[in-house]
Amino acid sequence: MRVDASTVGAADAAFRLGEPRYIRLFFGLARPRQPILGGAFAGEVVAVGAEVSQFSVGSRVYGDTGAAMGANVEFLVVREAGAVVALPDTVSPATAVALADGAMTALPFLRDSARLQPGHRLLVNGASGSVGAAAVQLGRHFGAHVTAVTSTANLDLVRELGAHEVIDYTVDDFTASEQRWDVVFDAVGLSRFSRAKRVLTPTGIYLTTVPGVVVLQSLFTKRAGIAFTGLRKDDAKRPDFAELARLAADGVITGLIDSEYPLGDVAQAHARVDSKRKRGTVVVLPQQ
């Protein structure tokens with residue numbers, strides 16, 4: 001397939017840097033095992049194998065390569081049975097990869113781990129990042145009352161994404177709030193369960209995207225957890241990709257795009273991610 005858009009995200013930066021150091025056990029001790037990074041992709045099928053039945057030349061598709069990476073290229077070979085689905089004509093490749101970057105993490109956290117229901121109170125920490133922005137929109141879609149935590153500069157942005165309430169973390173600490181939430185979802189891994197549990201309802205749950213102490217805590221309490229969404233099997237990913245594409249085509253959610261870089265400037269795309277200032281997804285487009 002021809003790659004019309006891919007991404008550079010936090011995982012790519014972590015693999016490139018080998019930080020946190022334990023990931024070197026899986027992705028290379030001295031250097032990245034995968035020389036080409038990039039997980040999410042969107043593009044057009046330019047050739048198919050003899051056994052392919054679902055797609056044909058000209059089909060628009062999107063998905064991800066998982067731990068194999070390798071999507072920051074001009075052309076990519078993917079398996080029909082892999083994490084790839086049809087992309088509606090009304091959804092752009094850049095929007096599609098932004099969904100794959102953010103919403104594919106947020107969806108299983110909120111739907112499966114949090115079991116978010118209408119009327120639940122959801123707090124999203126890091127609400128202007130790729131995962132957080134998706135969580136705000138999905139939380140609203142699921143019927144939850146959404147509180148978004150972000151910086152001063154991004155308050156209007158998260159309101160536009162659908163947040164009912166906002167907290168400026170440069171002014172207020174949500175863990176000291178008098179409010180209580182059924183779900184605290186830390187999309188950037190900067191809070192701690194030991195403090196966040198103060199603002200949970202009696203049956204509330206704290207979720208984070210960053211492994212650490214919470215992995216051990218989850219062994220002893222059902223009120224703290226993490227979901228390793230990137231390690232899910234392709235059979236589990238495909239229905240979610242299809243669902244997100246449908247929601248995007250219907251205008252329910254969108255992929256928040258921070259910036260776009262041509263493939264030849266992928267190093268600058270990594271620098272943008274390393275700055276920790278991105279809002280949404282950093283997208284890589286074909287070289288002009």
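Predicted model: local features only at pLDDT ≥ 70, side-chain atom pairs only at ≥ 80, totals over all residues.

Q: Where does T65 lie, and which residues beyond its sequence neighbours does T65 touch?
A: T65 is in the loop between β3 (60-64) and β4 (84-86). Leaving out residues up to four places away in sequence, T65 touches G38, G39, F41, G70, A71 and L76.

Q: How do I read a nonpolar core? Which residues touch the most other members of the largest one?
A: The idea is to look for buried nonpolar residues joined through side-chain atoms within 4.5 Å. Here the largest nonpolar core has 50 residues, and those touching the most other members are Y62, L122, V136, L138, V183, F185 and L244. Helix α3 (residues 93-113) gives the most to this core, with 11 residues. Apart from it lies another core of 12 residues, including L123, I167, W181 and A196.

Q: L122 was on that list. What is L122 in contact with, away from its neighbours in sequence?
A: Setting aside neighbours within four places, the contacts of L122 are L110, L116, A135, G139, A144, H145, V146, T147, W181, V183 and F185. One of these, V146, stands opposite L122 in strand β6.

Q: How do I read the pairing of strands? Which strands does β5 pair with?
A: Look for bridges between two strands, and check which way the strands run. Strand β5 (residues 121-125) is joined to β6 (residues 145-150) by five bridges, and the two run parallel. On β5 there are also four bridges to strand β8 (residues 181-186), again parallel, with V184 in β8 as the bridge partner of L123. Four of the five residues of β5 are buried. From β5 the chain passes through helix α4 (residues 130-141) to β6, a right-handed β-α-β crossover.

Q: V284 is in β12. Is V284 buried or exposed?
A: The test is relative accessible area, with buried meaning under 20%. V284 has 2% relative accessibility, so V284 counts as buried. Beyond its neighbours within four places in sequence, V284 is in contact with A5, S6, T7, V8, N72, Y261, P262, L263, V266 and A269. Sequence separation and spacing can also be read side by side: V284 and E260 are 24 residues apart in sequence, with their C-alpha atoms 5.7 Å apart.

Q: How do I read an aromatic pair? How many does the whole structure have?
A: Check the ring centres and then the angle between the ring planes. A search of the whole structure finds three pairs. For Y62 and F241, the centres are 5.1 Å apart and the planes are at 80°; planes over 60 degrees apart count as edge-to-face, so this pair is edge-to-face. It links distant parts of the chain, with Y62 in strand β3 and F241 in helix α8 (residues 234-249), 179 residues apart. Y62 is buried at 0% relative accessible area, and F241 is buried at 0% as well.

Q: Last one: which residues of helix α1 are buried, and what follows α1?
A: In α1 (residues 10-17), the buried residues are D12, A13, A14 and F15. After α1 comes G18, with a positive phi near 70°.

Terms used. Residues numbered from 1 in each chain as written. Heavy atoms only, no water. Buried < 20%, exposed > 50% of the residue type's maximum accessible area, 1.4 Å probe, protein only. Contact = heavy atoms within 4.5 Å. Phe/Tyr/Trp six-rings, centres within 6.5 Å; stacked < 30°, edge-to-face > 60°. Pairing = 2+ DSSP bridges. Right-handed = clockwise from strand over helix to strand, strands pointing away.
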